[in-house]
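This report looks at spaces inside a protein model and at a few of its residues. Please keep the sequence and the 3D view at hand while reading.

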Amino acid sequence: MIVTPYQSPLREGPYGFADLLRAEWTKFRTVRGWVIAVLAAALLIAVFALLPTQQGSCNVSACTGPVGPGGEQVSDSFYFVHQPLGGNGSITVRVTSLTGQIQRITNSGGMRAGLVPWAKAGIIITASTRQGSAYAAVMVTGSHGVRMQDDFTQDVAGLPGAVTAAAPRWLRLTRSGDTVTGYDSADGTHWTRVGTATLTGLPATAQVGLFATSPPYLQTSASEASISGGPSAATGVFDHVGLTWHGGAWVGLNVGGGNDGLPAGTLGFSTGAGTFTVTGSGDIAPAVAGGAGIGVTITQTLVGTFAGLIVLAVVGAMFITAEYRRHLFGVTLMASPHRGRVLAAKAVVVGAVTFTAGLAGAAIAVVLGQRVLRGNGAYVYPVSALTQVRVIVGTAAVLAVAAVIALAIGAILRRGVAAVAVVVVVIVLPYLFAVAAPVLPAGPTDWLLRLTPAAALAVQQTLVQYPQVTNTYIPYYGYYPLPPWAGLAVLCAWAALALGLAVFLLRRRDA
Amino acid sequence: MRRAQWAAPALHAEWTKVRTAGGTLWLLLGVIAATVAVGAAVTAATRCPAAGCGHDPARVSLAGVDLGQAVVAVLAVLMISGEYGTGMILLTLTATPRRSTVLVAKAIVLTGLVLVAGTVAVLGSVLAGRLILPGHGFTPAHGYPLLSLADGAYLRAAAGSVLYLALVGLLGLGIATAIRDSAAAIGVVLGVMYLFPVVTATVSNPRWQRHLEQIAPMSAGLAIQATTGLRALPISPWAGIGVLAAWSTGAMLAGGLLLQFRDT
């Protein structure tokens, strides 16, 4: 009788990295608890977004403000003394004074003298007097010298220093087609070009004139927990108004129409003997969220990230510590003696799985969460589709990298409990200290969000800091010290460090 | 009497296990180091430039408890999950068949250890605060007398923080007894502690925010550290620590019942 020796259907080694990946994937998907946990993490991220955390009245009365040419939310309120300009032309003025008033914060109200840093008075060429129109302006400011600004987000510095009767500022705007060029001068003879703006689609007849405006006054308490403020007004005095065309009558208009609760008669203009005095309130600038703003960002919908993070950190840690506990790791290493590659395969599998779960959870959270917020009447700052994609993908990446760090620390410490505790503490605690319930002043808070793994949460921010808008740009209001991808890079650096140490220790010590 | 006779060997056994386990001493030192280091760092970063700066010197100097509690939770989880991991639990329950006795013995040993480490940690934090705060504007001129345990409110904050750590330990032990797996148990414990404040921060309705702070184990429990602005607190210090005690009791009961009626 001939006995055929048993032949394994498996092919002979050596096994490549793809086989290793398949082995690790098989291990992962056959542990029911892990699969359930990953699904639960995605669900948690989505469910937190559906909680009615924010209420507002925007579903009763519209909260939307004007939108600028770039599609962003803007503030566009100022006092405008204007006349039409058909075709090309140039306007020149001399500004001899910029003064301001600030409403007292005390209950008695009333006004006191005071100029906010970004109070503005100058000349402007705008497509129309409608809010949010394309414009270019050159102006003197409270404490930032001469500036040329256009289309709300652009800001270029000109002559420094404050304007006084002894040191007046000459300003000039020249339109040529779609191009507007701004100049400034200290004496009216020596001119310097400040900047050039291209206003696409500027109509043949634009509105040109003098303007003044003044954003709200802001005061932050020492602990930065509370912010108080009130409206302000700025008054600019102009003379030597020169036009290169036959000027018509000047018309005064309070663009935006509000008076911010200022005493009646504060806003307006007067003229006599070639001198114009213009008083305005508001701002011509991007609208900002936070202390000086209203509404919430889409980041609000992603609070479940932290719940998902804890669950996925548990999965990541267990993916290796369970092998230690069940003495499977010896078998794993027998099958693939290259220890660094085993850890790499585990990292790829756990990273890919948690990334997918995070992507699904975050996408549902951002899309449905915004509808829930709007349904509850909260005002949600509009952001571009690209930004939404970045927030969703970034959140998934944060979760995946955190799970990989948990895996690496699990390999280093060989204790699941310690690995999970470390990952949760290094990400959630700095976030708690710096963003959610700040206990630290602004300086140390910023360093926490630059150095600790919590820096990665910057990838969820959607707000932009504008130097030309006074605001409390602190993490509490959604302004991180690092740009989105740089924050994620900090977390990746920590992951690389942890993985490197794990590989080093795996090679050195007994399994 | 009979019960005491049962309990004594169980206590002795638990004490021997925890004493000889590798990580215990390191974790206890970790509780002290984490609490004192974070407390001192937060204290060193905080300034009070003028009267009415709104800081609570007790909360500032004891901020390290926020991290120290995580180490206490790890210690608590390992008290029981470690035994499930190695199968030691079978031996423990064979030696002490009355399961509630095992859990109570573990709770007593854990509480004793946490009280000792917590006291050292809190005293270290108080000392750091006493040394650093006066130089950072926390002076009598700004309305802040020198930190002293003779001050009733400050003594409550300090002793309460030790009690807080002990209660976090029991919460961790209860949850770990119910869940058994160490990694999952620590995830649940830290989630219960840290997620409430994160979620609370995103709630706009002040009434709901207050309710969340009243029921969250960390936010309510840490009300015990408040020495200024007591009227504005969402929950009074002792009621707050009571909320945490209720969470710990609930977790211990759940863990105890599951241990009693479930197969190991």
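## The second largest cavity

The second largest cavity has a volume of about 60 Å³, where a cavity is a set of points, on a 1 Å grid over the protein atoms alone, at which a 1.4 Å probe fits but cannot get out, and a volume is the space filled by probe spheres set on the points, which are joined across faces, edges and corners. The model is a predicted one, in which local features need pLDDT of at least 70 and side-chain atom pairs count only at pLDDT 80 or more, while totals for chains, interfaces and linings use all residues. Residues are numbered from 1 along each chain as its sequence is written, chains are lettered from A and ligands numbered from 1 in the order in which they are written, and side-chain values use heavy atoms, with hydrogens and water left out.

About 840 Å³ of space lies in the second largest pocket, a pocket being an open set of points with protein on both sides within 12 Å along at least five of seven lines. Of its 33 lining residues, those closest to the centre are Arg415(A), Leu78(B), Ser81(B), Gly82(B) and Glu83(B). The largest share of the lining, 9 residues, comes from H4(B), a helix being a DSSP run of H or I with at least four residues, numbered from the N terminus.

## Ser81(B)

Ser81(B) sits in helix H4 (residues 65–86) of chain B. Its relative accessibility is 4%, so Ser81(B) counts as buried (under 20% relative accessible area, with a 1.4 Å probe and protein chains only). A polar atom of its side chain lies 3.3 Å from the backbone oxygen of Arg180(B).

Most residues other than glycine have a negative phi. His240(A), however, has a positive phi of about 50°, and this residue is found in strand S15 (residues 232–243) of chain A, a strand being a DSSP run of E with at least two residues. Ala273(A) also has a positive phi, near 55°, and is exposed, with a relative accessible area of 84% (exposed means over 50%).

Methods:
A polar contact is a pair of N or O atoms within 3.5 Å; within protein, one must be able to donate a hydrogen and the other to accept it, and residues adjacent in sequence count only if both atoms are side-chain atoms. On a 1 Å grid over the protein atoms alone, a cavity is a set of points where a 1.4 Å probe fits but cannot get out, and a pocket is an open set with protein on both sides within 12 Å along at least five of seven lines; lining residues have an atom within 4 Å of a point.
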